[in-house]
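Let's take a look at the pockets of this protein. Have the sequence and the model open as you read.

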Amino acid sequence: MDNFNFQYLFTLFLLFLIAPTFAQQSFRPKALIVTVKKDPSTLQYITHINQRTPSVPVNLVLDLGGQFLWVDCDRNYTSSTYRPARCHSAQCSLAGASGCGDCFSAPRPGCNNNTCGVLPDNTVTHTATSGELADDVVSVQSTNGFNPGRNVTVSQFLFSCAPTFLLQGLANGVSGMAGLGRTKIAIPSQLASAFSFHRKFAICLSSSATSNGVVFFGDGPYVFLPNIDASQLLTFTPLLINPVSTASAFPQGQASAEYFIGVKSIRIDEKTVPIKTSLLSINSEGVGGTKISTVNPYTVLEASIFKAVTEAFIKASAARNITRVGPVAPFEVCFSSENVVGTRLGASVPTIELVLQNEKTIWRIFGANSMVSVKDDKVLCLGFVNGGENARTSIVIGGYQVENNLLQFDLATSRLGFSSLLYGSRTTCANFNFTSTA
């Protein structure tokens, strides 16, 4: 065989060997998914990603308004691909981290010299501390909107290390929090940037502690069994920016990473509740308004709004011959379930309506999202709690109220799409088909 032929065949052989690697790298997902499960003891929503080299599954509390991913690096963080962000680097700039620090012990993840730091925040206990900014490998499952697909990898995913004490108050077995908020290094922004897809994500929380809900990163379809595309069910309202951070600790001048919407009024069984409307706006100090939260298990209302809403709800319930009973902590307003009929949308109780930018844009809260069953199902309590007179945010829509509703956050156009209760479309957030692979 002459030399030319030998080289040609050898080149073909090399291409054959490396072709699968090229194929792997050229695959660009349209969207990604992670599972979410409700922890029955804390009512927190738990997701997981794979991180590090070698890769390990990391359980995290889902924080819709969280600024970024943070994990405990004090215990068992071993990875050959961990890289701290050096002072004045592009990563520090992207994270808005101006501080620079040294660590006065042996170098390890979370403790390196000449690195910049951010402020990881446990938003359940409202505790923040300083943490090293770093990057490492993260892998997530792709999806076509119908089924899960192959895993894809981001090789330099930015996150913050945190000390172990920051995990206090979080569910057992978690290593940190997954922040989906409005920042450049929050999980949705980094994934959209890594794979050049739409800056959108959608959450669908299951009400069951045994069935998974789902978070989609990227655009729809978002298809639930039996073949219901929930992206076609959305009503849209603007997302508002609170100019003052709502984090536990933050640099001056920083806007909130949380998602606010404009509630104009509240109605119960189509009757407007008399509330002080100035509380519904965000003032120059960042106080007031309405936000959506996955770390608050139930909706929290400022004291005067709570009083007005509960009084109106009690009156509308009495008109339906629903008997009030004593409170069951943490709920103040409870009823006997005896003469409450069950429907496809949950208990047949007065409907609570959040009127948004106009009279046609209404977020309706039906019995499945308003009533919590307690005392062996003999008592139903209104799943809203009193936030006191000095509430930072007037209305915090909690996890229970968004379960089995698909919420899509479009960061590029700054708008929220909401589906209303999926029971009305004969599906639930637990109905994404995780079992078969695309």
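This is a predicted model: local features need pLDDT of at least 70, side-chain atom pairs count only at pLDDT 80 or more; totals for chains, interfaces and linings use all residues.

The UniProt record, an unreviewed entry, carries the annotation "domain: Peptidase A1" for residues 45–419. Over that stretch, the chain is 10% helix and 37% strand, and its end C-alpha atoms sit 20 Å apart.

Now for the pockets, side by side:

| Pocket | Space | Lining residues by class |
|---|---|---|
| Largest pocket | about 780 Å³ | 21 nonpolar, 15 polar, six charged |
| Second largest pocket | about 550 Å³ | 13 nonpolar, 13 polar, five charged |

Let's take the largest pocket, with its roughly stated volume of about 780 Å³. In total, 42 residues line it, and F68, A97, G117, V118 and L119 are the ones closest to its centre. Which elements give two or more residues to this lining? They are the helix α2 (90–95) and the strands β6 (100–101), β7 (115–118), β10 (131–143) and β11 (148–162). Of these, β7 provides the largest share, with four residues.

On to the second largest pocket, where about 550 Å³ of space lies. Which residues lie nearest its centre? Look for T123, H126, T246, E258 and K291, which belong to a lining of 31 residues.

Notes. Residues are numbered from 1 along each chain as its sequence is written. Side-chain values use heavy atoms; hydrogens and water are left out. UniProt positions are given in the numbering used here, feature names are shortened, and annotations may be inferred rather than shown by experiment. On a 1 Å grid over the protein atoms alone, a cavity is a set of points where a 1.4 Å probe fits but cannot get out, and a pocket is an open set with protein on both sides within 12 Å along at least five of seven lines; lining residues have an atom within 4 Å of a point. Grid points are joined across faces, edges and corners, and a volume is the space filled by probe spheres set on the points. Ala, Val, Leu, Ile, Met, Phe, Trp, Tyr, Cys and Pro count as nonpolar, Asp, Glu, Lys and Arg as charged, and the others, Gly among them, as polar.
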